[in-house]
Amino acid sequence: MNKNKERAPCAIARDGAININGGKMKYRVAVVDDERETLDGIIRLLNNYTQSHGNEPIFESDAYLSGDEFFAGNPNSYEIVFLDINMPGINGLSVARKIREQNKTAVIIFCTHYAQYAVNGYEVNALGYLVKPLDEKLFNRNIDRVIKALLSSQSRRIRIKTLHGVEIVPASELLYLEIQIHNLYYYVLGENNEIITYRTRGSMQEMEKQLSELDFARCSACYLVNLRRIISVVNGEVRLNGGASLPISRKYLRSFSDNFMKFLGCNGTINV
C-alpha cells in the first residue's frame, strides 16, 4: 500500500495554467549524438542553465550514442530531444521523422557542424539548431525558447480549486487516477518521490476523455494511468514511479496493451 499524503477535498476546473504548484519544473531530455564530447557538453550546459536560473527547471537527461540506441529505450517519454544530424546508422533527420510519427509535442533541436543543414529542420517542426562547437550564450537562448514553447504546449494542466486556494498540477506529474463510487482520487508525484493525493467528485469517463491525448489509459475500471510514468508491466500489474502498483483487469487488458504499445512505438501484447 502507498503511503500517501492527502490534500483537502477539491473540485476540478478545466482551464489553462502553467506549472506553479509549488514543485520545480522538470523536463525529460534525450541527447542523441555519436560524439561523446557533445553529449557531455550539452548535459553540462543544461546543468549550468539550471544553476543560473535559481535551480529551476530541472533537466532529467539521458545520453544516446546513436538513433538505434535511442529507439531501444522509451523515445516517447521525452519533452526535449537534441539530435545530431550526421550520425552512423539512422541520421538525425530520420530519427526526428520517426519521433514525429508518435510524438507531436516534443521539442527537437538539431546539433550540427554545418549550419546549412538547419533548413531541413522545418520538415519535422524543429524548434532550432545548434552549430558545433557549442556556444553557451546561444545555447541558453535556445533553452529559453524551449521552455517558452513547452509552457505554451502544456497549457492544458489540471487546475484544482480547493477551500484554501488553487493547486496547479502538471499532467506530467499525475501518476494515476482512481474512482471510488463518486469520488475521484488524483495521485501526484511530489518532491522526494512523495505521492500526494487530491480527492474530488467527478466522472472517470470525463477525465479519461480529457487526458487521452496526454498519454493516459485505463488499466481497469478503477484506474486511469499515466503511460509516461510506467516503470514496468509485470505479472498483471502496472508499476509506476513513486512505488505505486496497480492491477490490469482482464476487461481492459487488450485496450491497455494496445495503448501502451502504441505509446512505446511498437506492436504486441502484454502477457498477464
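Buried means under 20% relative accessible area, exposed means over 50%, and partly exposed lies in between (1.4 Å probe, protein chains only). This is a predicted model, in which local features need pLDDT of at least 70, side-chain atom pairs count only at pLDDT 80 or more, and totals for chains, interfaces and linings use all residues. Residues are numbered from 1 along each chain as its sequence is written, and side-chain values use heavy atoms, with hydrogens and water left out.

**View 1. Arg-229 and Glu-173 form a salt bridge.** A salt bridge is a side-chain nitrogen of Lys or Arg within 4 Å of a carboxyl oxygen of Asp or Glu. Here the closest N and O atoms are 3.2 Å apart. Arg-229 sits in the loop between strands S14 (223-226) and S15 (230-234), and Glu-173 in the loop between S9 (165-169) and S10 (174-180). The two are 56 residues apart. Both are buried. Strands (E, at least two residues) and helices (H or I, at least four) are DSSP runs, numbered from the N terminus.

**View 2. Asp-215 pairs with Arg-228 in a salt bridge.** The N to O distance is 3.0 Å. Asp-215 lies in the loop between helix H5 (204-211) and strand S13 (216-218), and Arg-228 in the loop between S14 and S15, so the pair ties together parts 13 residues apart in sequence. Arg-228 is partly exposed, at 25% relative accessibility.

**View 3. Arg-28 and Asp-62 meet in a salt bridge.** Their N to O distance is 2.8 Å. Arg-28 belongs to strand S3 (residues 26-32) and Asp-62 to strand S4 (residues 58-64).

**View 4. Salt bridges link Asp-33, Glu-35, Asp-84 and Lys-132 in a network.**
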